[in-house]
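Hello,

Here is the structure I promised to pass on. Please open it first, then read my notes on its aromatic rings below.

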Amino acid sequence: MLAIIGGSGLTQLATLDLIRREVVRTPYGEPSGALTFGRVCNTAIVFLARHGYGHTIPPHRVNYQANLWALQQARVDAIISVASVGGIRADLCPGRLVVPDQIIDYTWGRKSTFHENSDEPVVHIDFTEPYDQSLRQRILAAAGAAGEPVLDGAVYAATQGPRLETAAEIKRLERDGCDVVGMTGMPEAALARELGIPYAAINVVANFAAGRGSSETRICFDEIEVVLKEAMGRVRNVLNHICDK
Ligand code: HPA
């Protein structure tokens, strides 16, 4: 079974044939919402809205531990994260789809491991490649079959939020080698790795990052909504092709 964690602009999957909803309790508290089980084409899917179904949970308050634990309890084989980002690189303009291959984590104060007990031996996960390569290839192949252009490979900067960045912060992220910036990629990816669940992401560029392109002096939220509405249609098309295999 494939899990899809939907972010801003993707709080439900219109093409999902609903089977049931399940409220899962975890040792880490409540997930963002009930897990929605269903089918897309011939694939069993479980969908979770990262920010809650009413989009009320900000990035720094998402219970990433509970979300990942609940998906593991549901015995998912893989997780695809859909998340909106700001484009730092000049060619990553609003509407582009990106399958990132690296992460730099600038978040702080989030519960970022399942191994917090002091009586347990220290656990280090390998995170050289934070995204599962074969799941990435599956997404890229599906995008190709769907005729949706996607960028293969980008460095994702995970910022704390919920405020957007300053222009100087974006310049620093660029110097660090980041291509896109979002607020939810971590610790989600690391927690998935701790649980051994293959994880990859589809990023949707919602806006030029602060100080770039049309965001030179400010970021326009009305534009973001329009961009996400259109682009999420293309993401759904890609997801349908993944499920069609
Ligand atoms: N910065 C951080 N997160 C984001 C942005 C951004 O510009 N756009 C969408 N998510």
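Which residue has its charged end over the ring of F37? That residue is R20, and its charged end sits 4.0 Å from the ring centre. Bear in mind that the model is predicted.

Now the ring pairs. The structure holds four aromatic pairs. I describe two of them here.

W69 and F114 form a tilted pair. Their centres are 5.6 Å apart, with 50° between the planes. This pair links distant parts of the chain. W69 is in helix α1, residues 64-73. F114 is in the loop between β7 (102-105) and α2 (133-146). The two residues are 45 residues apart. F114 counts as buried because its relative accessibility is 10%, under the 20% cut-off. W69 has a relative accessible area of 21%.

Y131 and Y199 form a stacked pair. Here the centres are 6.3 Å apart, and the angle between the planes is 15°. The pair counts as stacked because planes under 30 degrees apart fall in that class. Y131 lies in the loop between β7 and α2, and Y199 in strand β11, residues 199-208, so the pair ties together parts that are 68 residues apart in sequence. Both Y131 and Y199 are buried.

One more item on W69 and F114. Ring pairs link these two and Y28 into a cluster.

Best wishes

Notes
Residues are numbered from 1 along each chain as its sequence is written. This is a predicted model: local features need pLDDT of at least 70, side-chain atom pairs count only at pLDDT 80 or more; totals for chains, interfaces and linings use all residues. Side-chain values use heavy atoms; hydrogens and water are left out. Rings of Phe, Tyr and Trp (its six-membered ring) pair if their centres lie within 6.5 Å; planes under 30 degrees apart count as stacked, over 60 as edge-to-face and the rest as tilted. Helices (H or I, at least four residues) and strands (E, at least two) are DSSP runs, numbered from the N terminus. Buried means under 20% relative accessible area, exposed over 50%, partly exposed in between (1.4 Å probe, protein chains only). A charge sits over a ring if NZ of Lys or CZ of Arg is within 6 Å of the ring centre and within 35 degrees of the ring normal.
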